[in-house]
Each structure stands twice: as C-alpha cells, then as structure tokens.
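Let's take a walk through this structure together. Keep the viewer open and follow along as we go.

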Amino acid sequence: MSGERLKRAVVERALAEGFAVIRVAGSDAIPQAADQLEAWLAEGHHGDMDWLEERRDQRADPRKLWSEVRSVVMLGMNYAGEGDPLAMLAEREKAAISLYARRRDYHDVIKGKLKSVAGLLAARGGADVKVFVDTAPVMEKPLAQAAGLGWQGKHTVLVSREHGSWLLLGAIYTTATLPADVPESDHCGSCTRCLDICPTNAFPQPYQLDARRCIAYLTIEHRSHIDVELRPGIGNRVFGCDDCLAVCPWNKFAEAAQETRLALKGELEALPLADLARLDDAAFRALFAGTPVKRTGRDRFIRNVLIAIGNSGRPDLAASAAGLVSDASPLIRAMAAWALIRLDPCAARHVVHSALAAETDPAVRREWLTLPPETDRAA
Ligand code: B12
Ligand code: SF4
Ligand code: SF4
C-alpha cells in the first residue's frame, strides 16, 4: 500500500476512535528540541521531576529512542468542557480540580485508542509500531507542532486553531514512511493573556515555564512541602491548574468534547473542602478510582486540600484543619498547622503547646513556630 493510502486509512481509523486531529511528522522533525530541553533542565526548571533528566537524548530525538522509526503520527483528543472552567475558583470553600482530571484517566483511554490505530498501521503497512501517551521519554508538544496539530503557545502548551488549548496528545512511532504534514506556525502575536493570569508567576519568559512555580507541578508532581510564598496563589486548586489554558483567545473555536469515555464526572465538580479533608486512604481511593487524581495518593492530595482551606478565608473550615493536626503524615500535619493558624489563630494557640510537645518533624515544627504571639489586649 502506498504511503498516501496508508496515511488516509490511519486518519480514518483515528477519527473513528474519536481523535479530533491526526497528522504526521518525520522522525527527524525536532532538531531544536535537544538544546531547548538541555537549557530548561540546566535552569532547574523541572524541579524534582528527575525522570525528565533521565534518557534525555531519547526524549529529544525519536531516533535515539528507536533507531528504526521513520514517521511519527501525532494525535490530539479534544477535552474542552462547557462553560467557564475558571468559575469554580470563586467558590472558595469548594475544590477546583482541573478539567482533564475530572474524568477517566486519559492515559488509559487514549492508549487503547492509539493501539487500535497502530494495529491498523501494522496490519496494512506491514510496519512496526510503538504507542506513547505522556509516560515515555517523548516530547509530544514539539512533535505535535512539527506535525502541524498546532503551535506551542507562550504558556508552552500546544494550541490549535480549531480546538484552542484543550487537546490531549498521543504519539505513534512507526517504521513506515508516511507523507509528512506541514508544521504549524506561531499565532500568539502580541497576546500575553496566559502569562498575565498565572497566579504564581511561573513564566520567567514567554514560551518558558519554571515548573517549580506552576500549580500543576506543585499539586500533582511535587512530593514534599510547598513553599510558603507559593501557597496563597494556589487558591482552591487542589489538583492541577487551567488558568493559562482557559484564557487563550483561540479557545473560542473549541467545541465541547464528545468522547463518552472521557465524559466529565459530575460527582468531582465543586466538592466541599470540608468533605475532602475527612478522606482516609480507602475513601480517597474509592472517590478518585480510575481518574488522574489517584496518582498523588491521599497524603499529597490532603496537603493540597489544606492549602485550599487555609486560602478559603472561611473560619468555619478551621475545624477541618484542626482535625488533621495529629495526622500520621508530616505533609498533612504541616499544612494543617498552616491552615489553622491562618483561619483561627486563637484555636491554633490552644493546641500549639501539645502539638509541639508531640512533634519531632522539623518542617511541621517550623509551621507551628510561625504562630504570632497573642497581643496583649489590655495594653
Ligand atoms: C513534564 C510535563 C508537565 C510539567 C512541566 C510542563 C511543561 N511545560 O513542560 C508540569 C507538571 C508543570 C505539567 C503541567 C501541565 N501539563 Co503536562 N506534561 C509534561 C510532559 C510529561 C513532558 C513535557 C516536557 O517535555 N517538558 C519539558 C520542556 C523542556 O518542554 P516545553 O515546555 O515544551 O519547553 C519548550 C519551550 O520552552 C520551548 N522554548 C524554549 N525557548 C523558547 C523560545 C521561543 C521563542 C519558543 C517559541 C520556544 C521556546 O522549547 C522547549 C521544547 O519544546 C508532557 C507529556 C510529554 N511526554 O510530552 C505533558 C503535557 C505537556 N502536559 C499536558 C497538560 C494537559 C498539562 C496541564 C494543562 C495539566 C493541568 N491542567 O494542570 C499543565 C499545563 C501547565 C503548562 N503551562 O505547561 C499535556 C499538554 C497537551 C497540549 N495541548 O499541549 C501533555 C502533552 C500531556 C498529554 N499527553 O497530553 N506538565
Ligand atoms: S497551569 Fe496555572 S500555575 Fe501553571 S503556568 Fe499555567 S496558570 Fe501558571
Ligand atoms: S493566551 Fe495568547 S499568548 Fe497565550 S497561548 Fe493563547 S494566544 Fe498565545
């Protein structure tokens, strides 16, 4: 079968599987990526995501991951929602979970669909194939730009003229030589909306993200305590952040996602922070089974919930924080202290002595020691 016919068959199958856009790049299409990745890592912008440093040569060049690869099929799945994804940020006593995470884990859904498309490619083209979604050393955004799915906007995410910022990406590496598509060019122009809205100033420059300041990194990837200066900017975002994506003017062309296997789970919308603070390990797993949120585990998730509670400005939530000051996890104890001190310093003063007497973890002790001394009302 000719490369052209094979590509048409691949596109047809991928559309039938629910992908919104499918295009092809050569395996040599991102020669600039190695230097850019190297520079980003050298700045330390990846934080504690050590896995981005490992196999960096393979990540930046498909041929170093698999020497026989000739073409890369890049696929995008639309996950646009309906309404304003930032509306939830105003409901400070409730949890904002990012749009991609309030559904089934896209890794599982997209991988199955990629296998179906790759299976056809292998059968019709007599080619070898490998499928990737997110977890392998593959630079999906530059490859998607090279294939023409969109361009990497100033927020560094791929933006499409048809789907805005709401595309999840997958890749098929193949030994077949398929006709390559034309790369997309940058259509950001003088716009800076995504840079301006970032609550934690995570962009040192346009097109460059310092992940260490990004709420998506802090709430999903970062395993340890979150710096005190970054906590207020997190607001009520307990898992991921959509701000820079949501303000992109190119979203106006996006239509709500149709893929039923990625349908939004209504039960994960606007969950009360007080209910989330009560989750034990079993309840956390049950609530978030099959979704990306389960990846953080209960302790990191409750750390995030406590930051949201501390940011809520709602003294009635102080009891939720107080209930966690003696949790088994130091991550949780530290943020319970922080939230309680912010919402109700009086209540914090009642427990500080017993909490400090029992506490051996230096990070948790440090949080308690920020409690300001009681002012002398008679003076
Ligand atoms: C690591 C990672 C993260 C990290 C780091 C993000 C980042 N920007 O790299 C963190 C945890 C912060 C993160 C967050 C999110 N992520 Co993420 N993440 C990844 C992952 C696994 C690797 C990305 C990577 O290679 N980063 C390394 C750096 C070097 O890459 P880069 O940002 O593209 O850097 C480029 C620019 O700096 C550019 N550059 C440098 N200098 C200059 C100068 C100029 C002038 C120009 C034009 C360019 C330029 O060159 C670099 C190389 O291309 C990919 C999956 C994958 N395997 O690709 C998903 C992926 C990028 N994430 C995704 C998503 C959805 C998100 C979130 C929206 C989730 C959320 N709602 O919370 C946020 C978005 C935050 C943001 N603004 O980026 C999607 C994005 C889909 C899309 N349309 O692009 C991906 C592709 C996963 C997927 N399969 O769909 N993510
Ligand atoms: S995801 Fe949120 S915190 Fe991260 S860069 Fe975008 S706006 Fe900033
Ligand atoms: S918000 Fe503006 S600058 Fe940011 S990606 Fe969209 S068009 Fe580009």
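Start with the overall layout. The C-alpha centres of domain 1 and domain 2 lie 33 Å apart. Domain 1 covers 3–269 and domain 2 covers 270–379, with bounds that come from an automatic or database domain assignment. What you have on screen is a predicted model, in which local features need pLDDT of at least 70 and side-chain atom pairs count only at pLDDT 80 or more, while totals for chains, interfaces and linings use all residues. As for labels, residues are numbered from 1 along each chain as its sequence is written, and chains are lettered from A and ligands numbered from 1 in the order in which they are written.

Now look at where the two domains meet. Here 26 residues of domain 1 are in contact with 25 residues of domain 2; contact is called when two C-beta atoms, placed from the backbone, lie within 7 Å. On the domain 1 side, strand E3 (94–97), helix H8 (215–221), helix H9 (231–234) and strand E8 (237–239) each give two or more residues. Helices (H or I, at least four residues) and strands (E, at least two) are DSSP runs, numbered from the N terminus. Sorted by class, that side of domain 1 has twelve nonpolar, four polar and ten charged residues. For the classes, Ala, Val, Leu, Ile, Met, Phe, Trp, Tyr, Cys and Pro count as nonpolar, Asp, Glu, Lys and Arg as charged, and the others, Gly among them, as polar.

E3 and E8 also turn up in an open sheet of three strands, with the order E8-E3-E9 and mixed pairing. Two strands pair if DSSP finds at least two bridges between them. E8 and strand E9 (271–272) are the edge strands, each pairing on one side only. E3 and E9 run antiparallel and are joined by two bridges, with Lys94 standing opposite Pro272 in E9. Helix H13 (residues 297–311) lies across E3 and E8, and it runs at about 175° to E8. For angles like this one, axes are lines fitted to C-alpha atoms, for helices over the stretch in contact, and the values run from 0 to 180 degrees between N-to-C directions.

Next comes another open sheet, with four strands in the order E1-E2-E7-E4 and antiparallel pairing. Strand E1 (21–26) and E4 stand at the edges with a single partner strand each, so one side of each has no neighbour in the sheet. From one strand to the next, the twist averages 20°.

Zoom in on E7. Is strand E7 (residues 167–174) mostly covered or mostly open, and how many of its residues are buried? The strand is mostly covered, with eight of its eight residues buried. Buried means that 20 or more other C-beta atoms lie within 10 Å of a residue's own, exposed means 12 or fewer, and partly exposed is in between, with C-beta atoms placed from the backbone. Leu167, Leu169, Ala171 and Tyr173 are on one side of E7, and Leu168, Gly170, Ile172 and Thr174 are on the other. Strand E2 (residues 71–78) runs antiparallel to E7 and is joined to it by eight bridges; Met77 has Leu168 as its bridge partner, and Val73 has Ile172. Strand E4 (residues 129–132) pairs with E7 in the antiparallel sense over four bridges, and there Val131 stands opposite Ile172.

Two helices sit against this sheet. H5 lies across E2, E4 and E7, running at about 35° to E7. H6 touches E1, E2 and E7, and its direction makes about 100° with that of E2. Within H5 (residues 106–125) you'll find Leu120, which counts as partly exposed because it has 19 C-beta neighbours inside 10 Å. Leaving out residues up to four places away in sequence, Leu120 touches Ala9, Val10 and Arg13. The C-alpha atoms of Leu120 and Arg13 are separated by 7.8 Å, although the two are 107 residues apart along the chain.

Finally, the ligands. Ligand 1 is surrounded by 37 residues, the closest being Gln36, Glu140, Leu158, Ala216 and Gly240; to be near, a residue needs its C-beta atom, placed from the backbone, within 6 Å of the molecule or strand. Helix H2 (33–42), helix H6 (140–147), E7, H8 and helix H10 (243–246) each supply at least two residues of this shell. Its make-up is 25 nonpolar, seven polar and five charged residues. Around ligand 3 there are 13 residues, and Gly153, Cys188, Cys191, Cys194 and Cys248 are the closest. That shell divides into eight nonpolar, three polar and two charged residues.
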